[in-house]
Amino acid sequence: MQFMLLFSRQGKLRLQKWYVPLSDKEKKKITRELVQTVLARKPKMCSFLEWRDLKIVYKRYASLYFCCAIEDQDNELITLEIIHRYVELLDKYFGSVCELDIIFNFEKAYFILDEFLLGGEVQETSKKNVLKAIEQADLLQEFQKLL
Amino acid sequence: MVASSSSLKLQDLIQEIREAKTQAQEREVIQKECAHIRASFRDGDPLHRHRQLTKLLYVHLLGYPAHFGQMECLKLIASPRFTDKRVGYLGAMLLLDERQDAHLLITNSIKNDLSQGIQAVQGLALCTLSATGSAEMCRDLATEVEKLLLQPSAYVRKKAVLTAVHMIRKAPELSDIFLPPCAQLLHEHHHGILLGTITLITELCERSPAALKHFRKMVPQLVHILRTVVTTGYSKEHSISGVSDPFLQVQILRLLRILGRNHEESSETMNDLLAQVATNTDTSRNAGNAVLFETVLTIMDIRSAAGLRVLAVNILGRFLLNTDRNIRYVALTSLLRLVQSDHSAVQRHRPTVVECLREPDGSLSRRALELSLALVNSSNVQAMIQELQGFLESCPPDLQADCASGILLAAERFAPTKRWHIDTTLRVLTTAGTHVRDDAVASLTQLIGGAQELHAYSVRRLYSALAEDISQQPLVQAATWCIGEYGDLLLEGSCEETEPLQVEEEEVLALLERVLQSHMSLPATRGYALTALVKLSTRLRGDNRIRQVVSIYRSCLDVELQQRAVEYNTLFQKYDHMRAAILEKIPLVERGGSQVDEEAKESKETAQLSEAAPVPTEPQASKLLDLLDLLDGPSGDAQHPRPLDPTPGSALIHLLNLPCAPPPPAPIPNLKVFEREGLQLDLSFVRPPGTPTLLLITVTATNTSGGDVTHFICQAAVPKSFQLQLQAPSGDTVPAQGGLPMTQLLRILNPKKAPLRLKLRLTYNHFGQSVQEIFEVNNLPVEAWQ
């Protein structure tokens, strides 16, 4: 995976995870253009599109678009499963997650993603293990506060 | 809401930003807060540093500058507190990508964190390294990461393996370090580590043929691992919709694909398993289909058994019928990749592919179009083009150009009849004229030009189409050309292949004039129309209207049109006698042969000459036959018609090839052949280099007497095996007193290189008497024929 973007129906960015080195300017340009392209898609269209030389896989959950850019040899259907797993993790963590949770706890959204994907690849296929790791990190954080 | 003057908590900041009604308001809130954050960084408050950075990161997410937080990331990463590290590393990943100068400075912190004992901290370090580590950093920290591959903690190991993947991508030489541990790692039971290992091996194999060879030995082991995963019962932890760990299955299948490619033995080893996965995977949900899809890709890419390949293509065919649009999309994409290598297998699914043309989703219909065009062959061309024409009428504009050119190409390759080809092209031009390529008009005119039996049909159809719509330029150009060429066929009688069409001359002219005047017509189109009008002047009955129009356009502002009009007008005035010949119909066009224009020009030139040059050879031909009686070839055969050119036309064509200037002087000596009362005849000989069988003789008649020689005619005869041609003489009078000599050129072909014999017959008037002389030329130089 090259990058993952989360954005609202109004085009506001909620999370951006880049696995390739690009300048700030380039990232902004890509984000702007891609968000426009995806938002222009009609509801009944398929989740895949070609954009520049990348394959884009996106899915809308309520008011949020989850959008991934994968390489030519990557499997689009399994990428949909990756997106879905991430949403499930967020859901489990926040308890019936909605966009507001991700807005007000954006750093947590990143932490969860970083326990599921690493360097753009899936690192853990057990939902349980991912959630356990987050839990332990949160505990560690709390524990240190008490010290 | 009144903005507070002190620093906000993160949640409050976010709230305030959201409540801002305008962009300007939002900017104001953020700028104010950033001022606080900057101050806080300056003051160096360690306790709240992480809070300040978090706020800054939020602001950065909204698109505002945050570079002044970079150094704070470094400080936070170096702090012993976990909270600080968590936020610091996040900040590093967002603000400190490898292009920043400060980037390298975190190398040391990462190194420390990798080697200390807390897993969560090691995790943070590895995560940051794998997300943004530069090549240099990777080289520095490779050994640290290598050590972690063997650590007891699965949590750390799984992250270390994937970090190694990133390191190899950045610094490929590190493959040497990370290849050896793979064998042991493959024995892991932990799915995360296993998955990471497979990913690592895949990366190594893709980069190095040596690694590829090395890991091929592990194919049996990989097959065993996959089989275990597949046959394991439902596992709450790893299953998705009844499919065991689809992420892991897909990754293994991908590795198998790379290992089995172009390798018989490996392909054979995985054959059974692939068949098993292909048939047993639950396809009711996306997870199963994802695995099935990867399986199909693998089967098609390795050296699989024929039966397995057919199974794979059939799976794709089933995908095409799936209600899930995404599944249909990947099916179309894959079939497109296979259409060259497994053409007949894909052909079986042609009807379904054609169905997909009707998809409302642009991504799908585009794929379906590409695939449909690839499936057209000589047996299905008519049905397929019919479908594609239907698609062309309703498809989105961005696909029209590709569809139109695709149809025309397919028609070019597989047209069963010329008429079908013309019909198809006409339909495309009518439906999507503005999107066709420039050469479509040329192709159509060539096509029509070469099909004589379809001239009447074509001109009628094009006329009808033009009468309906004069806006589509390629159609207009082709139609005006056709009407110009075959306008006469448009008016006469009926053509049984089209509906009866009553067209009056005036209607035709009116239509062409409309095209000429329309603001929709391109300059080139108007040129076509004007030329067509002029051509019609010889094909229709009256031409007054045409003359008028041409005359008007002599003052047209468009220079090209003006020039044409002036030339055509001159044609009407000064060269009216040549007009018919010049505007003759072009000869039948050779498909793919010379350009239409050149042929037209050539025929015009020959037509012109046939009117211009008088031909005196006919009388000579008959007289020469008499001479033949006198000359027998050495074989003693009875005379038979000599290979002279009897028709004036052909003599003319040869005229064009003869040099107009006298032949260059050659070393063969001249010969005086006749003399009587002051009239002398000399022969000069030329053997042009490059044509050993050709001899050119110039007869020169000079008159030194006091009286003119008039009505002078010279004729010649040669043996049977020779070919003789006489050019027209320079005149028939040889003036007295050494006036201008008369010359005549004889052209002799001697293919058998036989000895030359030449007989001459002269008739003329001299001193009031008619003279006739017949004699054979003696002493002909041998160089004339050897």
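A polar contact is a pair of N or O atoms within 3.5 Å; within protein, one must be able to donate a hydrogen and the other to accept it. By that test, chain B and chain A share 25 residue pairs in polar contact, with both residues at pLDDT 80 or more. The model is predicted.

**Interface between chain B and chain A**

- Chain B brings 67 residues to the contact, and chain A brings 60 residues.
- The size of an interface is often given as the accessible area lost when the parts come together.
- Here the two chains bury about 5700 Å² between them. Carbon and sulfur atoms account for 55% of that area.
- B:Leu61, B:Arg86 and B:Phe247 supply 14% of the area that chain B buries against chain A.

**Charged and polar links**

- Seven salt bridges are counted between chain B and chain A.
- B:Arg367 forms a salt bridge with A:Glu50. Their closest N and O atoms are 2.6 Å apart.
- On chain B, helix H9 (residues 154–170) gives the most to the side that touches chain A, with seven residues.
- By class, that side of chain B has 29 nonpolar, 18 polar and 20 charged residues.

- Strand S4 (residues 679–686) of chain B is largely enclosed by the rest of the structure, because seven of its eight residues are buried.
- Strand S3 (residues 671–676) of chain B pairs with S4(B) in the antiparallel sense, over five bridges. B:Leu671 stands opposite B:Leu683 in S4(B).
- S3(B) and S4(B) form a hairpin with two residues between them. In the turn, B:Glu677 has a positive phi of about 50°.
- S4(B) also pairs with strand S5 (residues 694–703) of chain B. This pairing is antiparallel and runs over eight bridges. B:Val686 stands opposite B:Leu696 in S5(B).
- In a regular strand the side chains alternate between the two faces of the sheet.

**B:Ser304**

- B:Ser304 sits in the loop between helix H17 (286–301) and helix H18 (306–320) of chain B.
- B:Ser304 counts as buried because its relative accessibility is 13%, and the cut-off is under 20%.
- A polar atom of the B:Ser304 side chain lies 2.7 Å from the backbone oxygen of B:Ile299.
- Leaving out residues up to four places away in sequence, B:Ser304 touches B:Asn271, B:Ile299 and B:Arg309.

Terms used:
Residues are numbered from 1 along each chain as its sequence is written. Chains are lettered from A and ligands numbered from 1 in the order in which they are written. This is a predicted model: local features need pLDDT of at least 70, side-chain atom pairs count only at pLDDT 80 or more; totals for chains, interfaces and linings use all residues. Side-chain values use heavy atoms; hydrogens and water are left out. Contact means heavy atoms within 4.5 Å. Buried area is the accessible area (1.4 Å probe) that two parts lose on being put together, summed over both. A salt bridge is a side-chain nitrogen of Lys or Arg within 4 Å of a carboxyl oxygen of Asp or Glu. Helices (H or I, at least four residues) and strands (E, at least two) are DSSP runs, numbered from the N terminus. Ala, Val, Leu, Ile, Met, Phe, Trp, Tyr, Cys and Pro count as nonpolar, Asp, Glu, Lys and Arg as charged, and the others, Gly among them, as polar. Buried means under 20% relative accessible area, exposed over 50%, partly exposed in between (1.4 Å probe, protein chains only). Two strands pair if DSSP finds at least two bridges between them.
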